[in-house]
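The exercises below each set a task and then work through it step by step. Please keep the sequence and the model open while reading.

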Amino acid sequence: MAENMKTLGEFIVEKQLDFPDASGSLSQLLGAIRLAAKVVNREINKAGLVDIIGSAGQENVQGEQQQKLDIYANDKFKAAMEARGEVCGVASEEEDDFVAFNNTQSKNGKYIVLMDPLDGSSNIDVNVSVGTIFSIYKRVSPVGSEVTEADFLQPGRKQIAAGYVIYGSSTMLVYSTGNGVHGFTLDPSIGVFCLSHQDMKIPTDGKIYSINEGNYIKFPEGVKRYIKFCQQEAPEQGRPYTSRYIGSLVSDFHRNLLKGGIFIYPTTASAPKGKLRLLYECNPMAFLMEQAGGKASDGFSSILDIKPSELHQRTSFFVGSTNMVNTAEAMMADFSGPD
Ligand code: P6P
């Protein structure tokens, strides 16, 4: 490994030194996420061999029961966090309700985690990148007591850390603890995440718009107006836009973070409140985007200021380059509400 490489573990400890009162428990928690990400990455890479090793619900060549990968990922991230003892409970897209960790050490943990353990998992069968999304808060209930739903229903602005793992052509872990966004690329030959993108910033403007235009007919008028702007007016102003939609939130988000752009999942006919989940998809991505100098809203106001009322609630999501989100919001305001 080149001497100037820095591992995720070294970076976490180095950044921990920036917080004199840091107890190291957040570092421990991020370490648990790092471990689970490596385990899930290995399993996802094997998924491509599913015809050889057997698909979900069947026995593979080793005679092991094949789990659905999103359930597998959920179990691995839960197990890694429970083992570390810094987390008193977890909420997940794969769990109907939050899960309390009741071992003595965990009950004294001061953090809770919300996660989408494998977002876009249906893309695996067609070899499209998928991701894990996580969101970390300090608990609001007393340390040592039973974790409560109130610990999970905090506004996104209260997050102390958030991040994602993208299992793509290379596997990356991108996270922030509120001091910038940093990206680490897994070197599979040594099983180590190495710092590859320090202090990531999204361009203030961009030319990529990312939205599933198959839902056009039922988009709010403001969204239809914004698409018209991207397709007609911007090119007429000499700024041709391009449409890119992968259908995997982590992938569309990551591309825009690097290149500039906007991703929109508005209300649609089949998702009248939006499709994406506030707590474990939009809040962590909004936290990262603001840390990277971008913007995230529901089309009208900041995602991070929404007061959650239920674990799996959905929201519209406009996220990306500040100038692009501002333009889209202005058009949403001109055509208030859905058509
Ligand atoms: P649609 C994947 O199923 C997901 O939850 C996100 O990763 C992605 O952005 C979105 O749904 C895609 O939804 O309706 O365009 O297929």
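**Exercise 1. Find which residues glutamate 281 touches, leaving out those up to four places away in sequence, and describe its setting.**

Solution. Glutamate 281 touches Glu93, Asp116, Asp119, Ile133, Leu249 and Leu276, where residues up to four places away in sequence are not counted and contact means heavy atoms within 4.5 Å. Before going on, note that this is a predicted model, in which local features need pLDDT of at least 70 and side-chain atom pairs count only at pLDDT 80 or more, while totals for chains, interfaces and linings use all residues. Residues are numbered from 1 along each chain as its sequence is written, and side-chain values use heavy atoms, with hydrogens and water left out.

Glutamate 281 counts as buried because its relative accessible area is 3%; buried means under 20% relative accessible area, exposed over 50%, and partly exposed in between, with a 1.4 Å probe and protein chains only. Finally, the side chain of glutamate 281 reaches the backbone nitrogen of arginine 277 at 2.7 Å.

**Exercise 2. State which residues UniProt lists for "binding site", and describe how they are arranged.**

Solution. The unreviewed UniProt entry lists Asp116, Asp119 and Glu281 under this heading. Although these residues are spread over 166 residues of sequence, they cluster in space, with a largest C-alpha distance of 8.5 Å. The positions are given in the numbering used here, feature names are shortened, and such annotations may be inferred rather than shown by experiment.

Turning to one of them, aspartate 119 is found in strand β3 (residues 111-119) and is buried, with a relative accessible area of 8%. Leaving aside neighbours within four places in sequence, the contacts of aspartate 119 include Val130, Gly131, Ser248 and Glu281.

**Exercise 3. Decide whether threonine 132 is buried or exposed, and trace the polar contact of its side chain with another side chain.**

Solution. Threonine 132 is found in strand β4 (residues 130-138), and it counts as buried because its relative accessibility is 1%. The side chain of threonine 132 makes a polar contact with the side chain of tyrosine 167 at 2.8 Å. A polar contact is a pair of N or O atoms within 3.5 Å; within protein, one must be able to donate a hydrogen and the other to accept it, and residues adjacent in sequence count only if both atoms are side-chain atoms.

**Exercise 4. Identify which members of the largest nonpolar core touch the most other members, and say where the core draws its residues from.**

Solution. A nonpolar core is a set of buried Ala, Val, Leu, Ile, Met, Phe, Trp, Tyr and Cys residues joined through side-chain atoms within 4.5 Å. In the largest one, which has 41 residues, Leu114, Tyr164, Phe253, Met285, Ile303 and Phe317 touch the most other members. Helix α8 supplies the largest share of this core, nine residues. The core draws at least three residues from each of domain 1 (8-199) and domain 2 (208-336), these bounds coming from an automatic or database domain assignment.

Terms used: Helices (H or I, at least four residues) and strands (E, at least two) are DSSP runs, numbered from the N terminus.
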